[in-house]
Amino acid sequence: MKEPEFTGREEQCSLLKNSLDKAIAGHGSTILISGEAGIGKTRIVSEIIGEAADRGANIIQGWCLAESLEPLMPVKEALRGANMLNLLSYEPPPKVISAYLMNDAGLLISKAERTETELDADIFASMLKAVGNFVNDSLGMIGQDDSGGLNTIGYANYKIILQSKGRLTLAIVIEGGESEFLIEDMRRILGDIEGKFNPDIIEASKVSWLDPKIFWFIDSEKYEGTFIVDDPRIRQENMYDAVLIGLQRVASTSPLLIFLDDIQWADPSTLNLFHYLARNTREDRILLLATYRPEDLMGSNEGMPHHLELTLQNMSRESLFTDIRLERFGPEDTASVIEKALGSFQRQEDFTDRIFTETEGNPFFILEVLKLLAEEGSLLEKDGTWELSQSMDELKLPSKIYDVVIRRLNRLLREQKDILECASVIGEEFGSDVVGTTLDINRINLLRNLGEIEKAHKLIHSGDKKYWFDHSKIREVLYNGINVELRSEYHKIVAESYLELYRDRENEIVEELAHHFLESGDRRAGNYLLMAGDKAKSRYANEEAIRFYTSAETMLDDVEKLLRLHENLGDVRVLMGECEGAIESFRKARELTDDIKITAGLIFKTAEALEKNSNYELSRKEAEIGLNMLGDTHGPDRCKLLTIMSWTRMRVGEFDEAMKILEQALNISAEGNTMEVGLVHHTTGMVHWFRGDYPNALANYEKALKIREEIGDVKGRINTINNIGVVYMETGRLEEARDYFCQGVEYEERIRNKSGLASALDNIGNSYHTSGDFDKALDYHLRGLELYKQAGDRNGIAWALSSLGYIYPDIDQIEKGIQCHLDSVEICREIGDKQILVYNLSGLGESHYKARRFEEAHEWIDEALALSKEIGAKREEGFSHFIRAIIFRDEGKLDCMKGEFDIAKEILSEVGDMNLLTILDFEYGIYLKMTGNLSMAREILIKAKEAFESTGMKGWVTNTEKALEEL
């Protein structure tokens, strides 16, 4: 009996081939193929993989296993098979020792070296070129794209990376692991300099402009061999980016088809990465394929939906995939499968009808029934023709796939069935070493039996010293057929076999140990689940860490380990935005310790989580508990608790109280320049900014900046610089503000922090909006929004949408602006952010005013005023009065208008927002013109024009000149 040719899926196959065509042309897409077990998902994928391979595509494929708990396991296996496992690096970036730019003759053009290097540049450059030529000529390139070759060479304790473009080669000597970001930067710099000079003319005076570009690899601090910021979220984003950039680099040479099988069993980190790749490869030569079984998408016992279901919902909102649903075959396709499997077949008339009726058109079931009938002698081959050996009435067909598999398994020897039962406990994939150790069976005998099971019975297949079940249903039937007590014992012995085989290397298989001890009910599972949770947490696989920690909770008795578990679980839940769960974890941890310092730290984390969750009053009370417990001791801990308490007061507009608390914090931490002191001054600056006291805000920001620079708090320094930029922008110092924001862009790009970069870009957009350069503003806001979306930062998305809500009406797209504000409002209400919400409410009032829908404008402004007064947002309160004033003006209610203008001016003067005050003067000049007071109108408009010119608000200068012409 032969494997039947592909049949019955012509329409689906055509869709896949069309997607492959588009991917090869540079328009990537994601296809999900769904259907029940045995429906033919893997078969249709094998057809398109064959087609892709024939057309020169690289194939990367991995399999998700039901029993695997290791984060990113299928991705690791897929990349390992493609010799690209380095993309999933958890290591810090490499340290660049030196950089050399050479021409195609091997002559040095420019160099950059650390002071401690002992390498002779000229000799080393020639050696590099010679080695590069050798690799090109003899070994082939590790990777190449349309812009030139890439080689990686080991040299002593270093690694040398050579990137070529045209007649130039850039060589970088590094310590540590190869980095996709470094390769990307090399390509970028080569692209910047290629074609801008003659590589044959390398006199120092003519190429000195190249030195800063080459020294960037050392001066930028990006490649120092350490993480600039050790933030789990940033490191996970960087890892995803490294995979993306590496795949894009390979795809630039030849198309890529990436396939993951059975993603209903994929871990959350794998699904997150799959989603990330689907979003970011639509303009690349990459086709993403995955299969899944809808019947396995069952929610958790706690009522939570299956994680694949959540991923599909999120991807569907972005229209990121096409779902091909495979249905069972009808009678005609069933007959076609039978004919192609048997070839020449002398059949009774109703045989195919009977097969269709019993199998219900499931392809796997059809083929398994045919194999079973052949094994049992009901189907016989004579002279190349198959025929039934008995009448249809005598033919006994199984009624379920389960019965087919059972009848095939019953043909095994008892020892062979024992081997497969043990293998089914190990998992979909198993090694002979674990089976042999578990069953204590002679290895030669084991391998012979495995060979017969594979070749004679075709129940498994092998490769690279591993074995897989030929179909998941075979493993499922075997596993479910083992009685509960025996199954538990199997899991225990399998775990102990792993311990024996991996002695002193437990960390390599901690997930397998956790799984098997847990399934056996052995309390040793607790320790391995805790270890697996810590490992997942360190690798930023937050969903998996939560699953390991929660499973370990009931399996641990050691108090110290339970304390560690609950604190780590709380930390991960904060990162995931699950503040309520985090608070509960910190509470459980606190119940396990009497140590004051540990308890204070847990209280601080609890208060911080409550503040993030907008539970400001509860956060304050929590901080008070910690402060009362500490008394006058533990200065740094008290300082942190006081700072978080000040945040809770600031959020609700109690600025005086916030300042008193910060003064206390400063008094107890004033012994030196520490991180706590820097935080206090930074937070004090924020209070002053939020209440509109710009001079004091700047004074405290500058103190915080000095401290953070002295202690090397790089991330804190950038946060302070960004806030200084905001003050500069709102006080009319637009160019200086932009310079500060650009420093933020440079830093956030260096550490690959999407949220931080998005924030800096959004602020630059705001500065361009203020200056009247609307096209640039829109571009920066859209770039910021896209990065926030990539990072999954909902708070940031709300900010960016709010910014877009303000810019669109100024480019005559009022309705689009309104929708952006409304989308932001929805997010704000969901996450409880009142600060962004009040910006949106004011913006909605302004947008409806510009649309001449005055009644709706008043409603939004009324809501904005109420909220701004509630939380103490003085600038927004003044802005809302200002918008209300110009609404009254254009409604002809000039008496009402004058009062609102006066209130707005008083508040904005107190705040010191020079930009809004100047705009207010302009609008007041328009009001004076309407009332016939032309001389006063001219005087105020001229004053406004001069102010707009001094602050660089070009758009408003134009508006003012036009108004003056009309006087």
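**Figure 1. The bridge between Gly463 and Lys466 in a predicted model.** Gly463 has Lys466, in E17, as its bridge partner. The strands here are DSSP runs (E, at least two residues) and the helices are DSSP runs too (H or I, at least four residues), numbered from the N terminus. This is a predicted model, in which local features need pLDDT of at least 70 and side-chain atom pairs count only at pLDDT 80 or more, while totals for chains, interfaces and linings use all residues. Residues are numbered from 1 along each chain as its sequence is written, and side-chain values use heavy atoms, with hydrogens and water left out.

**Figure 2. The open sheet of E15, E17 and E16.** Three strands in the order E15-E17-E16 make up an open sheet with antiparallel pairing; two strands pair if DSSP finds at least two bridges between them. Strand E15 (429-430) and strand E16 (460-463) are the edge strands, each pairing on one side only. Four bridges join E16 to strand E17 (residues 466-469) in the antiparallel sense.

**Figure 3. Helix H17 across the sheet strands.** Helix H17 (residues 443-455) lies across E15, E16 and E17 and runs at about 120° to E16. Axes are lines fitted to C-alpha atoms, for helices over the stretch in contact (heavy atoms within 4.5 Å), and angles run from 0 to 180 degrees between N-to-C directions.

Figure 4. A cavity is a set of points on a 1 Å grid over the protein atoms alone where a 1.4 Å probe fits but cannot get out, and lining residues have an atom within 4 Å of a point. Grid points are joined across faces, edges and corners, and a volume is the space filled by probe spheres set on the points. By this rule there are seven cavities of 30 Å³ or more. The largest cavity holds about 130 Å³ of space. It is lined by 13 residues, of which Val75, Ile258, Leu260, Leu273 and Leu277 are the closest to its centre. Two or more lining residues come from each of helix H3 (73-81), helix H8 (232-251), strand E9 (256-261) and helix H9 (268-280); H9 has the largest share, four residues. The lining has twelve nonpolar residues, one polar and no charged. Ala, Val, Leu, Ile, Met, Phe, Trp, Tyr, Cys and Pro count as nonpolar, Asp, Glu, Lys and Arg as charged, and the others, Gly among them, as polar.

**Figure 5. The second largest cavity.** The second largest cavity contains about 90 Å³ of space. Among its lining residues are Trp689, Tyr694, Glu730, Lys874, Arg875 and Glu876. Helix H29 (675-690) and helix H39 (874-891) each supply at least two residues of this lining, and H39 gives the most, three residues. By class, the lining of the second largest cavity has six nonpolar, one polar and four charged residues.

How values were computed: 1 Å grid on protein atoms, 1.4 Å probe; cavity = no way out; pocket = protein on both sides within 12 Å on 5 of 7 lines; lining within 4 Å.
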